[in-house]
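Subject: Structure handover

Hello,

Here is the structure I said I would pass on. Please have it open while you read; my notes follow below.

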Amino acid sequence: MPVEVLDDGRKRIYAPLSEDDVRQLEAGDVVLVNGTIFAARDAAHKRLIEMLDAGEPLPFDPAGQVVFYVGPTPERPGKVIGSAGPTTASRMDAYTPRLLEIGLKGIIGKGGRGPSVREALKRHTAVYMAALGGGGALAALRIKSQKVIAFEELGPEAIREMQVEDFPAWVVNDCLGRDFYAETVRPWRKNELLPQELRLPAEP
Amino acid sequence: MGEVREVAAAEITGAVRELCIEINYKVSDEMVEAVKRARDDEESPLGRQVLDLVIKNQELAAEGEYPYCQDTGSTVVFLDVGQDVHIVGADLEDAVNEGVRRGYRDGYLRSSIVGDPVFERKNTGDNTPAFIHTRIVPGDQVRIQVDAKGGGSENKGRHAMLKPADGLEGVKAFVLKAVAEAGPDACPPGIIGVGVGGNFEYCAVLAKRSLMRKVGQPNPDPRIAELEAELFEKCNALGIGPQSLGGTQTVLAVHVEMMPTHIASLPVAVNIECHAHRTGTRVI
């Protein structure tokens, strides 16, 4: 489904994503993610890359998909999931370019990405979004169903397929190479109070 | 010397279990206040929006269905054991770990510990072992402080053996650089724990212990309190803001602890805590 632009400027997106969807997302956009996404974090990424190296089929085809870096708490009886906010994305930097090469289109995590990932997002027309770090309780309410589809033995690090409804995130790195974090901090930095090495010029 | 008082290991287990559950759902009043104050002081509209969400998350978690954060932490346990106490019924560390095991199971908390760091990295399945710091102190009580420490912010910790010539300015620059480099990854706004002095390992523990202080309570030494105030202002001058979306509230507090050190040394350690600061205390 195509990207919907809401009256307040937020963009509602539906996973899986097409390249055309990704091109409509810009650094700083607030997005509401809908559809099917895949939860995977450190240990699952390590295994996915080992499977790719061994030429084995992956538990899901990343082409067009959105991966959410999360390891939820166990769900209480009657609940879909436990707390489920994003984990630090940069730990996945070593693995991410490989997944982008085979078509991964979107990532949800928290924190910044290194230059290799920013470059790969640009090269493969994909987007990195951040959700509220430390907002696991709120995030849980936007997840409507979930099931483990691979690596159950990894416990909280198993791969899960999730249905999400208006899951909020903001675009940090878009497919044009923009890095939102590089833009947000600059105007607020008070150079006069800081040592030389931490001063930021007014313009990049 | 006082009379020897017996404390049942089971009581310690029970207290640890309760604390693990309590702190992961219900944020302390002081953290509620600290975030509210940051919300009022934040100049960036985007930053205020983020802090509104943080407050909502605090409120939702306090209802007891969903932990504050999915990273329910490694369990750090500070034990002050009175020297007149005799612990009976089990080994002290086993009693603590049993409390963690039960707390994480009964509280639907995440098991976030792997059994070894580089070989198999297999999840231990019950969040044990806890990281336990025990002191023998005067008296006949056992004081237990539990901290659920998130891995994302813990990863942004920094430690250095500076030269004495680097002095106070060197310490300040090191702290600011650590906070700047942590950027969005440590889920700001949080608390910055700083240890200065001691030796290599004492310095790191000092930084961690400083986080256990009441949020924003100044160090009783006025010179250190002044340093805390200056670092607080300068950390916020970094402009990182809530979730690094830019703003004036990058940290909620800076806590500094110092201790004597070697004539050749100036150790400094920075232990960063995210806005999910979860700690609680029981005295038996």
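A:P156 sits in the loop between β7 (143-150) and β8 (159-173) of chain A. Please keep in mind that this is a predicted model. Is A:P156 buried or exposed? A:P156 has 22 other C-beta atoms within 10 Å, and since a residue with 20 or more is classed as buried, A:P156 is buried. Leaving out residues up to four places away in sequence, A:P156 touches A:G71 and A:P72, and also B:R110 and B:S111. A:P168 is 12 residues from A:P156 in sequence, and their C-alpha atoms are 22 Å apart in space.

Next, the contact between the chains. On one side there are 47 residues of chain B, in contact with 40 residues of chain A. On the chain B side, the elements that give two or more residues are α3, α6 (167-182) and α8 (222-237). α3(B) gives the most to that side, with 5 residues.

Chain B itself is divided into two parts: domain 1 (5-24 + 67-149) and domain 2 (152-276). The C-alpha centres of these domains of chain B lie 26 Å apart. In chain B, 9 residues of domain 1 are in contact with 6 residues of domain 2. β2 (74-82) and β5 of chain B are the elements that give two or more residues to the domain 1 side of that contact. β5(B) gives the most there, with 3 residues.

β2(B) and β5(B) also belong to an open sheet of 4 strands in chain B, with the order β4-β2-β5-β10 and mixed pairing. The edge strands of this sheet are β4 (131-137) and β10 (278-283) of chain B, each of which pairs on one side only. From one strand to the next, the twist averages 10°. β5(B), residues 142-149, runs antiparallel to β10(B) and is joined to it by 6 bridges. In one of these strands, β10(B), B:R282 is the bridge partner of B:I144.

A further open sheet of 4 strands in chain B has the order β6-β9-β7-β8, again with mixed pairing. Its edges are β6 (158-162) and β8 of chain B; each has a single partner strand, so one side of each is left without a neighbour in the sheet. Here the twist averages 15° from one strand to the next. β6(B) and β9(B), residues 266-273, run antiparallel and are joined by 5 bridges. B:H159 stands opposite B:A269 in β9(B). Helix α7 (residues 200-211) of chain B lies across β6, β7 (190-198), β8 and β9 of chain B, and runs at about 145° to β7(B).

Last, helix α2 of chain B, residues 29-41. At 1.5 Å a residue, its 13 residues should span 18 Å, and the end C-alpha atoms are 18 Å apart, which agrees. Which residues of α2(B) are buried? They are B:M31, B:A34, B:V35 and B:A38. These residues cover an arc of only 95° around the axis, which puts them on the same side of α2(B). An α-helix has 3.6 residues a turn, so residues three or four places apart point the same way. The buried residues of α2(B) pack against α3 (45-62) and β8 (251-261) of chain B. The exposed residues B:D29 and B:D40 are carried on the face of α2(B) turned away from its buried side.

Regards

Definitions and conventions:
Residues are numbered from 1 along each chain as its sequence is written. Chains are lettered from A and ligands numbered from 1 in the order in which they are written. This is a predicted model: local features need pLDDT of at least 70, side-chain atom pairs count only at pLDDT 80 or more; totals for chains, interfaces and linings use all residues. Two strands pair if DSSP finds at least two bridges between them. Axes are lines fitted to C-alpha atoms, for helices over the stretch in contact, and angles run from 0 to 180 degrees between N-to-C directions. The expected span of a helix is 1.5 Å times one less than its number of residues. A residue is buried if 20 or more other C-beta atoms lie within 10 Å of its own, exposed if 12 or fewer, and partly exposed in between; C-beta atoms are placed from the backbone. The arc is that of the directions from the helix axis to the C-beta atoms. Two residues are in contact if their C-beta atoms, placed from the backbone, lie within 7 Å. Domain bounds come from an automatic or database domain assignment.
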